[in-house]
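Subject: Handover of a structure

Dear colleague,

Please find the structure below, together with its sequence. My notes on what was found in it follow directly after.

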Amino acid sequence: MTELARRLAAREVSPVEVVQAHLDRIAALDGRFRSYLTVMAEPALAAARAAEADLVRGRTAKPLAGVPIGLKDLYCTRGVKTTGGSRVLADFVPDEDATVVSRLVEAGAIVLGKLNMHEFAYGPEGLNPHYGTPWNPWDAATHRMCGGSSSGSGAAVAAGLCPGALGSDTGGSIRIPASLCGLSGLKPTYGRVSRAGVLPLSWSLDHVGPMCRTAADCALMLGAMAGHDPRDPTTSRAPVPDYRAALTGEVKGLRVGLLGAFFLESASPEVRAAVEAAARTLEAMGASVVGAKLDTVHLAAGAALAVVAPEAYAYHEAWLKTRRADYGADVSLRLLAGAFVPAADYLKGQRIRRLAVADVDRALAAADVLLAPATPIAAPTLGEREVEIGGQRHPVRTSLIRFTRPFNLSGHPAASVPCGFTSAGLPIGLQIIGRALDEATVLRVADAYQRATDWHGRRPPAAA
Amino acid sequence: MIDSRGGLVNRGTSHYPAPMEPLTMDALRALARAQALDCSDEELAGLLPLVEGGRQLIAGLDEALRPEVEPTSEFRLS
């Protein structure tokens, strides 16, 4: 995306050519990948012609001028269906853009379309019974999960159907598909990016962020999106740094805490080996790597459930009472389960959050960033309910979310970038966690790692 | 305390909380009805392990909660 933005600004390539090429590729390939729910061909081409006219007239290039992006179908788009991956909202047409959509368009981005997802974002597998589940481009022969809930965003960027996309992340829904699809995805600090106009799953755990091929691309998108928004009272008033300027390529002297217990120790051997190798790469670049641990992380599953379940039920209560048959059975049951969480239990979850924040802050007092696998496994096949790790069987759902959910609870920024491949050719994701509002350091480490490796540059054979 | 025959006598409040009883289908059905949720038997059968599993998981949070730990969901005017 960064290179494309440069070429567009330099008038080496036309926005119309770029948008048309992406539309042609979507038409040719997306019948298989099912990443798009709505393709906005005519508006995209109209925006491309306007962008081209601006560039011809020599008007100052905006940072994302002419760059096509996809939007998870959770982001309200004025005049364009926003389904949440559901039948309940199959015909919902918002009359206002989400704040981040407005900001990206003001920065010059061109929206190619709305992307598939786990119904109402309530699942780390990325399944969708209404519109079809996206196909992971990294396996041409077998239908594998892209991960969720931003499954369409993962498939689209991995297959080259857009250079970058918006996802959302409540328990891992940006980082899980980034990990399973070989992408760079960033969950910013809670409150760094506005959630106004984004269909909620859980108000206090939802995060908005980019999914791209590189950390530099994520920095480009984040710079256009971040900042206080009066429409979202949880947004921070802290100034937005120049994330691209922070990408110095330097990690000398950086302290890196490698999370062992609960994280590395629970990952498959191939994932563990890849993450440990990534730590050694950073060490060779001048960072110092030490062991790290989080004392309260074993409580994250219970605390997150205590918060997500009743918040999600509260949002869906009216529809569940009047349109339950329009929900997929899996999501319907899990939403209903939130009705049975007493208020005292919800508050237990929010109290544990205070301990979780302090725990991660403590670990980040001794390190500049923390490292962990993004997911303990690579992409499972569709229909797989259990996986074997270290000789034991574990449910796929809880396995996928295990390493990402703690940082939704604490709200710290966390990125997933590719750090290797399994023997079956499936991507492995490295998670980089930083201090609150220090996305700059997270992106600097990710970018420096990507300058020293080429995992992020590989392309899936199914999308050739 | 120990009585004159060496037996244990419980006086006052137990130091140990009563164990959490597992939810039954009937209890879940009653809870659902109390919230105007009309759930079929099939739905209740699917819900029971989810709700019971959630209760057990959340009960495990008690070990870490001291009275002075406040929730992060705070009301603030300034």
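This is a predicted model: local features need pLDDT of at least 70, side-chain atom pairs count only at pLDDT 80 or more; totals for chains, interfaces and linings use all residues.

I begin with a pair of residues in the sheet of chain A: the bridge partner of A:Leu371 in E13(A) is A:Ile432. Residues are numbered from 1 along each chain as its sequence is written, and chains are lettered from A and ligands numbered from 1 in the order in which they are written.

The sheet

Two strands are taken to pair if DSSP finds at least two bridges between them. Strand E12 (residues 414-421) of chain A also runs antiparallel to E13(A), joined to it by 7 bridges; here A:Val417 has A:Leu430 of E13(A) as its bridge partner. The hairpin of E12(A) and E13(A) has 5 residues between the strands, and A:Gly425 in this hairpin takes a positive phi near 80°.

Strand E13 (residues 427-434) of chain A is mostly covered, with 8 of its 8 residues buried. A residue is called buried if 20 or more other C-beta atoms lie within 10 Å of its own, exposed if 12 or fewer do, and partly exposed in between, with C-beta atoms placed from the backbone. Both faces of E13(A) are covered: the buried residues are A:Pro427, A:Gly429, A:Gln431 and A:Ile433 on one side, and A:Ile428, A:Leu430, A:Ile432 and A:Gly434 on the other.

These strands are part of an open sheet of 11 strands in chain A, with mixed pairing and the order E1-E3-E2-E4-E6-E5-E12-E13-E9-E7-E8. Strands E1 (36-39) and E8 (288-292) of chain A stand at the edges; each has a single partner strand, so one side of each is left without a neighbour in the sheet. On average, neighbouring strands of this sheet are turned by 30° against each other, direction ignored. Angles run from 0 to 180 degrees between N-to-C directions, and axes are lines fitted to C-alpha atoms, for helices over the stretch in contact.

Elsewhere in the sheet, strand E2 (residues 68-72) and strand E4 (residues 164-169) of chain A run parallel and are joined by 2 bridges. A:Gly70 has A:Ala165 of E4(A) as its bridge partner.

Helix packing

Helix H9 (residues 300-322) and helix H11 (residues 343-363) of chain A pack at an angle of about 130°, with their axes 8 Å apart. That makes H9(A) oblique to H11(A); angles under 35 degrees count as roughly parallel, over 145 as roughly antiparallel, 65 to 115 as roughly perpendicular and the rest as oblique. The residues in contact include A:Val307 and A:Pro310 of H9(A) and A:Ile352 and A:Arg353 of H11(A), where contact requires C-beta atoms, placed from the backbone, within 7 Å of each other.

H9(A) also packs against helix H10 (residues 329-337) of chain A, at an angle of about 115° and with the axes 7 Å apart. That makes H9(A) roughly perpendicular to H10(A). Among the residues making this contact are A:Tyr313 and A:His316 of H9(A) and A:Leu335 of H10(A).

Backbone details

A cis peptide bond, with omega of about 15°, joins A:Gly148 and A:Ser149. A:Ser149 is found in the loop between E3 and H5 of chain A. A:Phe120 is also placed in the loop between E3 and H5 of chain A, and has a positive phi of about 55° although it is not a glycine. A:Phe120 counts as buried, with 27 C-beta neighbours inside 10 Å. A:Arg34, likewise not a glycine, has a positive phi of about 55° and lies in the loop between helix H2 (15-33) and E1 of chain A. With 19 other C-beta atoms within 10 Å, A:Arg34 is partly exposed.

Chain contact

The contact takes 26 residues from chain A and 21 residues from chain B. On the side of chain B that touches chain A, helix H2 (residues 41-59) of chain B gives the most, with 8 residues.

Yours sincerely

Definitions and conventions. Helices (H or I, at least four residues) and strands (E, at least two) are DSSP runs, numbered from the N terminus. Two residues are in contact if their C-beta atoms, placed from the backbone, lie within 7 Å.
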